[in-house]
Number of protein chains: 2
Amino acid sequence: MSFLREISPMVRSIHLPGQEVLMSRAARIRTELRQGIKKDFMELIDLSSSDIHSRGIKPISFLRQVMAACCYPSLLHSDRIPADARERARSLLTDSNGGSIGSYPPTGGMAKVRRSVSDFITRRDGGVPSIPEHIFLTTGSQQALTIFLKLLVSGEGPLRTGVLVPVPSYSTFSMALANQGGVMVPYYLCEEQGWALEMEELQRALQAARGHCNPMALYVINPGNPSGLVQSRKSIEEVIRFAAQERLFLLVDEVYQETIHGEDTEFVSYKRVLFEMGSPYSSTVELASFHSVSKGTFGEYGMRGGYVELVNLDPKVMEHALTFFNRDGSGTVMGQIALDILADPPQLGDPSYPLYSQEVQSIKNTLLSNVRRVHSVLNGVPGMSCQPIRGGLYAFVQLHLPQRVIEQAKEAGVEPDMMYCQRLLNEAGLCVVPGCECGQREGSYHIRFCIGVQEEIMEEVLQRLKSFHSHFMREFS
Amino acid sequence: MSFLREISPMVRSIHLPGQEVLMSRAARIRTELRQGIKKDFMELIDLSSSDIHSRGIKPISFLRQVMAACCYPSLLHSDRIPADARERARSLLTDSNGGSIGSYPPTGGMAKVRRSVSDFITRRDGGVPSIPEHIFLTTGSQQALTIFLKLLVSGEGPLRTGVLVPVPSYSTFSMALANQGGVMVPYYLCEEQGWALEMEELQRALQAARGHCNPMALYVINPGNPSGLVQSRKSIEEVIRFAAQERLFLLVDEVYQETIHGEDTEFVSYKRVLFEMGSPYSSTVELASFHSVSKGTFGEYGMRGGYVELVNLDPKVMEHALTFFNRDGSGTVMGQIALDILADPPQLGDPSYPLYSQEVQSIKNTLLSNVRRVHSVLNGVPGMSCQPIRGGLYAFVQLHLPQRVIEQAKEAGVEPDMMYCQRLLNEAGLCVVPGCECGQREGSYHIRFCIGVQEEIMEEVLQRLKSFHSHFMREFS
């Protein structure tokens, strides 16, 4: 007896993404290294995800102190935890049902945390009001996006819901969209212009989609993953005007808003721009903005916490959203606690402020230093080019591969940049993601890697990459 | 602009379940009480869910000590945390990527925790082997069940996947099944026989389903929610033989395995019985068993942790399952830590053993005492009857309602037991779930409430319920 014969055909058609193929190979290499098998490298470095703690970047102490005291309230009387962290834990416990973070949080999330998030958004957006009841706490931005796709996607054939999706982007979103039965409508970011989002391209994509599907939403990632683009206010205004004109729902992934590199770049939220554009935009354009504690300087992947803020939604739709968020879970209490600290960190004068700001600043300095090194090293390597990384946690580097590489990959039935990544992994012990996983213009090839890693490791990464690359290029020249 | 016009029709057809209607009314009553509005009761008591911490049952100290030290590793040197809890935290941190529980756990879950769970199952099942690689850690049993339904459900019309589901059960499972497009095939537990699972009824349900759908799986809840049934070994053997003969996949919800009331009742797992039945059953019947840290004496709802163990699955199906568990997230690190403690609690001789066993025993005593009080009080109330509650966290009490109640409810367009629950909430401040939400034989009416609450509160609940009930019955007699 086996139910394989009857397994859902939709499931059978799901293939293992290339990133997982690489990761399972990476796991095997790690085992071989532990077994003492000799390789050209002592240690494998995995830069395929933005999970910075896994690469030794330390968690923020204040956050972890509050969590510890929430877990074990006896610590509310221990001087091992600073007074302001204990105070915060006390107020979070008061807001938990029965005074235990083991109880289930209310639909939408803990009231105190929703208020903190709402205040955070208002401050961030220069006073644009934010309503706690329009904020839903989730187990992360991906879960929130998936819930939205469930709300949005319907229809068959040419009436199937279409969503405009940037290329390149990361594969989780397109997989979730496909899984809901939606149609991905790709729009290409302009690499030569630092991965700019250009209006003509959005227009082209939308026109091309009409007749094939029913385009209903526009997905943007700002700061970009993997592009590193941070949109200017002007660019955001253009996108909002386009969405208004074409009656598109705006799904705005802003999970990298804390990681902006350099002082000449600024993050401006879509919501802020929308409100500052005034009527009719500010009262009509429907928008959902996503954020998470997994990214940025917190990097608390394992905690699973995020939020979505809904703007200008029909009250009826809000009701449906509530049903969904209720049914699919409003996330973990730990994730919500992390979100509370993200939204309401220690302030100047608080006992924990000096350490907190020093820890955050140190991570930001590391990121900025890594970004500079990536630019200066890789842009000097023949056959590589890297656009400015203005925000986010990724470098997305173009590989100018010789024709012979492309031919050999084709013979092997594999994408050329996937072949490059496999060899980079096997020969140099670096695990990165091929551009084909993110989407890219035909005939162009890329690799994506995370820049959230200690400076000395980034140096090692760049040296290995440079040396492997010149080897590889020589072999095929 | 509003996308309501285009919202997925599947979504629009989802109605707010009755439980949520009651819960939002309960929230309003709580607000009114806070505002000083006078009612016949001082405090609202919500027994609608099994969230025991929300009702003041305290978390297990050892678990919370380990969690606190994992969150904030400076506590590894604090004598506020017992030595064995610190030791456990150290070993869990060693097994976390980068030594931080903020990093993302590997697909399937942390290796150490999967081993603990596997050892726990082997011990529980008297030596029946359990393979860590066949155990997947999840954010809870509901997520794991949903993933399984995604794997299982396919087809259209008479080829749509059918799943046999017990009546009564809780509504989350049937909602998830409907949401995946599967067909619910109800089989009725026999109330007069203490909610026994009878083979003739399973046969009847299966026959009735054939031709309408393609029955592929059998869902059982043991111990039962809300039935309180704990199946005997003989009953489990019968179900396994039936599943083997009819080629049904067994989905076994065993989340209440820790809460068995009284010494004359024993929990035996389906897997143990399956293996002890020997060939051909032990090597052919496909089975998935679900467990969770939200239930039982732990009650750690907010942590979101559970596991599923897969038995006799085709390796190809395992591969697909892996893809799904990978894509939909392998849960939170906190949930996995809680699971590690559930599977591997302090042992006799460990510093934390005395407190741990005292805390667990105290919760078990409370439950047993509450079960006895429910039986003795409610079975003496005219118009109420309650079958023995052998396991789990719920009482499911039959209401023998007068014809006039039924007529008045019909006129109001509401189920009679829903009307009863609404009045019970408004007039006596008790929030319980009507039987119509769980499913019940036509013409029978029930209420479900959780027995996981301190003894003095249970006493108060029973007094309010008894007094409301006699009032209500007099009004309609």
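In chain B, the loop between helix 10 (270-277) and helix 11 (281-284) holds B:Pro280. In this predicted model, the peptide bond from B:Ser279 to B:Pro280 is cis, with omega near 0 degrees. A cis peptide bond also joins B:Asn222 and B:Pro223, and here omega is about -10 degrees. B:Pro223 sits in the loop between strand 5 (214-221) and helix 9 (233-245) of chain B. Such bonds stand out because most peptide bonds are trans.

A:Arg247 is not a glycine, yet its phi is positive, at about 55 degrees. Most residues other than glycine have a negative phi. A:Arg247 lies in the loop between helix 9 and strand 6 (249-253) of chain A.

Chain A is divided into two parts: domain 1 (10-57 + 357-476) and domain 2 (94-343). Their C-alpha centres lie 27 Å apart. Domain 1 of chain A brings 31 residues to the contact, and domain 2 of chain A brings 37. About 2700 Å² is buried between these domains, with carbon and sulfur atoms giving 56% of that area. A:Gln387, A:Arg390 and A:Arg441 supply 21% of the area that domain 1 buries against domain 2, more than any other three residues.

What polar links join the two domains of chain A? The count is 13 residue pairs in polar contact, both residues being at pLDDT 80 or more. The number of salt bridges between the domains is zero. On the domain 1 side, two or more residues come from each of helix 14 (353-378), strand 10 (394-399) and strand 13 (445-450) of chain A. Helix 14 of chain A gives the most to this side, with six residues. By class, the domain 1 side has 16 nonpolar, nine polar and six charged residues.

Chain A also meets chain B. The contact involves 76 residues of chain A and 77 residues of chain B. The area buried between the chains is about 6500 Å². Carbon and sulfur atoms give 62% of this area. Salt bridges between the two chains number zero. Polar contacts are present, with 20 residue pairs found across the interface, both residues at pLDDT 80 or more.

Several elements give two or more residues to the side of chain A that touches chain B. Among them are helix 1 (9-12), helix 3 (61-71), helix 6 (141-152) and helix 7 (171-179) of chain A. Strand 5 (214-221) and helix 9 (233-246) of chain A are also included. So are helix 12 (315-327) and helix 13 (333-343) of chain A. This side of chain A has 36 nonpolar, 25 polar and 15 charged residues.

How are the two chains related? A rotation of 180 degrees, with 0.0 Å of shift along its axis, superposes chain A on chain B at an RMSD of 0.0 Å. The two copies are therefore related as by a two-fold rotation axis. In chain A, the C-alpha nearest the axis belongs to A:Ala68, 2.0 Å from it. The same surface serves both copies, as 100% of the contact residues of chain A recur in chain B.

Notes. Residues numbered from 1 in each chain as written. Chains lettered and ligands numbered in written order. Predicted model: local features only at pLDDT ≥ 70, side-chain atom pairs only at ≥ 80, totals over all residues. Heavy atoms only, no water. Contact = heavy atoms within 4.5 Å. Buried area = accessible area lost by both parts, 1.4 Å probe. Salt bridge = Lys/Arg side-chain N within 4 Å of Asp/Glu carboxyl O. Polar contact = N/O pair within 3.5 Å; in protein donor to acceptor, adjacent residues only side chain to side chain. Helix = DSSP H or I, 4+ residues; strand = E, 2+ residues; numbered from the N terminus. Nonpolar A, V, L, I, M, F, W, Y, C, P; charged D, E, K, R; others polar. Least-squares fit on C-alpha atoms with pLDDT ≥ 70 in both. Domains from an automatic or database assignment.
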